[in-house]
Amino acid sequence: MTEHVLELSDISKSFPGVNVLNGVNFALRAGEIHALLGENGAGKSTLVNLIGGVFPPDAGEIRIMGRPVHLKGPHDSIRNGISIIHQELSLVPDLSVAENIFLGRFPDGWVNWRKLHRQAEEILERIGLSIHPGTPVRYLSTGKQQLVEIARAIAFHPRILIMDEPTSALTEYEVQTLFGIIRRLSSEGLAVIYITHHMDEVWELSHKVTVLRDGRVIFTKDIEECTPHDIAEAMLGHKLAGERKRRLMTGDTVLEVRNLSAKGRFRDVNIRIAGGEIVGIAGQLGAGKTELIRAIYGADPFDAGEIIVAGETVKFGSPRDSILRGMYMVPENRKSGGLVLDMNVGENMTLPYLDKISRLGFLSQKKQHEIVDSYIRKLNIKTTGADKKIRYLSGGNQQKVILSRWIGMNPRILLLDQPTRGIDIGSKEEIYEIMHQLAESGVGILFVATETHELLRVCDRIYVMRDGMIVREFHGEECTEKDLALAMLGEKGA
């Protein structure tokens with residue numbers, strides 16, 4: 001049996017007024033890729049910071065290679081063979097690749113640059129990255145910068161590598177390149193703790209998974225012993241609703257797009273959505289999905305074609321016109337396009353209908369709080385109350401605030417552009433359930449996503465976009481993840 005390179009026993013940690021970790025036990029073997037999952041606030045970051053020596057545990061023991069250690073700071077953690085790659089890149093853009101790799105470890109006095117570059121080349125070769133070590137980091141793509149972060153991490157010769165959301169800004173090709181490197185490092189004996197919000201990555205990469213909830217370990221299992229359903233329920237702490245039966249398009253059409261075109265963005269797009277139907281749009285980055293949905297909403301102009309809402313041809317000059325027709329949108333970037341970050345939860349939630357909760361120009365805070373408290377309960381929004389600044393909520397809870405805003409307007413049509421991007425697996429499941437409930441009430445939903453498993457999980461029908469055009473339509477159960485992927489890429493067999 002491979003020995004444990006890291007063991008945490010009965011680890012607890014509290015901050016003033018908050019008990020963050022409670023008796024956590026965790027073990028990691030050499031060569032193991034171990035997914036660490038949990039909703040935002042579950043304790044993942046605190047656990048990583050303890051392993052990284054940022055602060056000590058209040059109780060419990062950390063052992064590395066079977067030996068108890070007291071990590072007094074990040075440098076102490078590095079000396080014990082632990083490297084951490086955080087979600088936000090920490091490279092210095094104006095320094096070279098080699099300088100970034102060895103940052104903090106330059107010798108005093110004269111630097112032998114030839115030797116430094118040769119050592120950097122050896123490390124880059126180990127991860128299969130072919131770039132000159134003298135290249136300034138700012139000229140590299142985000143994917144290559146992420147690989148330089150890995151090069152810097154393994155330059156410390158770690159036994160343990162912790163990766164926090166490493167794929168959040170990568171293309172699909174870059175993700176697969178990264179996975180190949182992680183598997184290679186794992187085969188060489190490096191132990192990896194992998195934190196992600198993407199369930200498909202867990203199954204593609206991991207040997208084992210641990211789920212945290214409210215600072216406690218809910219379970220640790222080999223990946224073959226659990227399902228995505230098991231993980232989502234463990235993260236949420238309750239049973240998920242059963243699978244929604246797929247609908248055939250039998251109801252009245254609430255939204256139809258005919259031959260819609262916008263030069264350089266999309267062309268000749270035709271789609272239909274019935275009331276109570278969830279229709280997906282699949283496509284790679286740059287396929288034209290976001291451009292299309294923004295044009296339908298009236299946020300961007302189009303050159304030709306028609307938009308028909310409930311049987312009537314409309315011309316939206318702005319999102320306000322769309323809203324007046326009962327069509328609302330959750331944008332791709334919730335922070336810049338959906339929220340007012342300096343406002344609180346209640347203000348963000350009730351923005352569209354302040355007139356309905358005002359009298360003689362004065363806002364009724366009582367009515368506002370009644371509405372907000374109701375949706376906080378219905379949508380399980382995790383916040384200390386209506387007065388909490390929206391910027392301090394997790395991404396999943398921010399997204400639920402935006403959804404609650406439009407639910408309160410009794411929508412006819414919802415346009416959802418990447419509504420689960422950057423949020424944890426548990427919150428994704430809750431948003432899927434909200435979508436299903438809205439569809440059951442007769443709302444027509446257009447759902448844009450890049451992750452094929454999400455579309456298959458949620459949608460009744462799926463349109464595939466490529467190069468700005470709809471190239472395929474799939475109905476109900478006839479579609480597989482392979483079918484979608486081939487259609488998105490334009491490969492034979494699609």
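In this predicted model, six strands form an open sheet with mixed pairing, in the order S16-S19-S20-S13-S21-S22. At the edges of the sheet lie strand S16 (327-330) and strand S22 (469-475), each of which pairs on one side only. Neighbouring strands of the sheet are turned against each other by 20 degrees on average, direction ignored.

Strand S21, residues 461-466, pairs with S22 in the antiparallel sense, and the pairing extends over six bridges. Within this region, Met465 stands opposite Ile470, a residue of S22. Helix H17 (residues 481-489) packs on the sheet and touches S13, S21 and S22. The direction of H17 makes about 30 degrees with that of S21.

For helix H8 (residues 228-236) and H15, the angle is about 100 degrees and the axes are 8 Å apart. Angles of 65 to 115 degrees count as roughly perpendicular, and H8 and H15 are therefore roughly perpendicular to each other. On the side of H8, the contact is made by Ala232, Met235 and Leu236; on the side of H15, Ile425, Gly426, Glu429 and Glu430 take part. Sorted by class, the residues of this contact between H8 and H15 are four nonpolar, one polar and two charged.

Definitions and conventions:
Residues numbered from 1 in each chain as written. Predicted model: local features only at pLDDT ≥ 70, side-chain atom pairs only at ≥ 80, totals over all residues. Heavy atoms only, no water. Pairing = 2+ DSSP bridges. Helix = DSSP H or I, 4+ residues; strand = E, 2+ residues; numbered from the N terminus. Axes fitted to C-alpha atoms, helices over the stretch in contact; angles between N-to-C directions. Contact = heavy atoms within 4.5 Å. Parallel < 35°, antiparallel > 145°, perpendicular 65-115°, else oblique. Nonpolar A, V, L, I, M, F, W, Y, C, P; charged D, E, K, R; others polar.
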